[in-house]
Amino acid sequence: MGKRGRAGLGLLLAVWLAGVAANGARAGSSEHDQQYAAWRETYYGANVIEYCGFITDEVTDGFRRKVQFLRAWSGMPAAIEWRIRVWAAVRADYQYMDHSLGGHRTWCETDGLSAVRSFLAFRQRDMAREASVTE
C-alpha cells in the first residue's frame, strides 16, 4: 500500500474513531465535550512531541501528571481512552505526512512547542499544588 493509500486509510480510521467517541458522549453535554477535548489534546500533543523529538524528563512527567488528572476528573472508560489514543496517533501521523519533507518543522514549532508548553505548565501547577497541600 502506498503513502496515499495509508494516509487515506488513516484518515478514514480517524474519522470513524472520532464519530465513535462523539457518539459515546451525552448530547449537549459541555462537560463531556471538555473532557473529550482535553483527552484528544493531551494524546495528540504527546504524539507530536514524539515526532518532533521534544521528549524530556520534565515533559514526560507533565504528560504523566496530566493523564493522571484526566483519569480522576473524567472517569473516562478505558476503552474510550484507548480509542482517543488511537485517534490521536493517527491524526499526528497524518499531520506529519501532510507537512512533507521539511514542512514538519513548522508543525513542530506550532503544535509541538504548544504541547511542550502545555505539559510543562501543567507539571508546574501540579507540583505547586502538591507543595501547598504538604505545607
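Trainee: Which residues does Lys66 touch, not counting residues up to four places away in sequence?

Mentor: This is a predicted model, so one reads contacts here as heavy atoms within 4.5 Å. Under that reading, Lys66 touches Glu41 and Thr42, and also Ser118, Phe119 and Phe122. Lys66 itself is found in helix H3, which covers residues 57-74.

Trainee: Is Lys66 buried or exposed?

Mentor: The general idea is a cut-off: buried means under 20% relative accessible area. Lys66 has 10% relative accessibility and therefore counts as buried.

Trainee: How does Ala115 read by the relative accessibility criterion?

Mentor: Ala115, found in helix H5, has a relative accessibility of 8%, so Ala115 counts as buried. Once its neighbours within four places in sequence are left aside, Ala115 is in contact with Gly45 and Ile49.

Trainee: Which residues does the disulfide join?

Mentor: One looks for a pair of cysteine sulfur atoms within 2.5 Å. The structure holds one disulfide, and the partners are Cys52 and Cys108, with an S to S distance of 1.9 Å. The angle about the S-S bond is -90 degrees, and the link of Cys52 and Cys108 is left-handed.

Trainee: Why does this pair tie together parts that are 56 residues apart in sequence?

Mentor: One places each partner in its element. Cys52 lies in helix H2 (residues 30-52) and Cys108 in helix H5 (residues 100-134), so the pair connects parts separated by 56 residues in sequence. Both Cys52 and Cys108 are buried.

Trainee: How many helices and strands does the protein chain have?

Mentor: One counts the elements, then reads their order. The protein chain has five helices and zero strands, and from the N terminus on the order is α-α-α-α-α.

Trainee: What percentage of contacts between residues at least 6 apart in sequence join residues at least 24 apart?

Mentor: In the protein chain, that share is 83%.

Trainee: What do the totals say about burial and surface in the protein chain?

Mentor: Of its 135 residues, 33% count as buried. The accessible surface of the protein chain is about 8,500 Å², and carbon and sulfur atoms account for 55% of that area.

Terms used: Residues numbered from 1 in each chain as written. Predicted model: local features only at pLDDT ≥ 70, side-chain atom pairs only at ≥ 80, totals over all residues. Heavy atoms only, no water. Helix = DSSP H or I, 4+ residues; strand = E, 2+ residues; numbered from the N terminus. Buried < 20%, exposed > 50% of the residue type's maximum accessible area, 1.4 Å probe, protein only. Areas by Shrake-Rupley, 256 points an atom, 1.4 Å probe, with all protein chains shown as cover.
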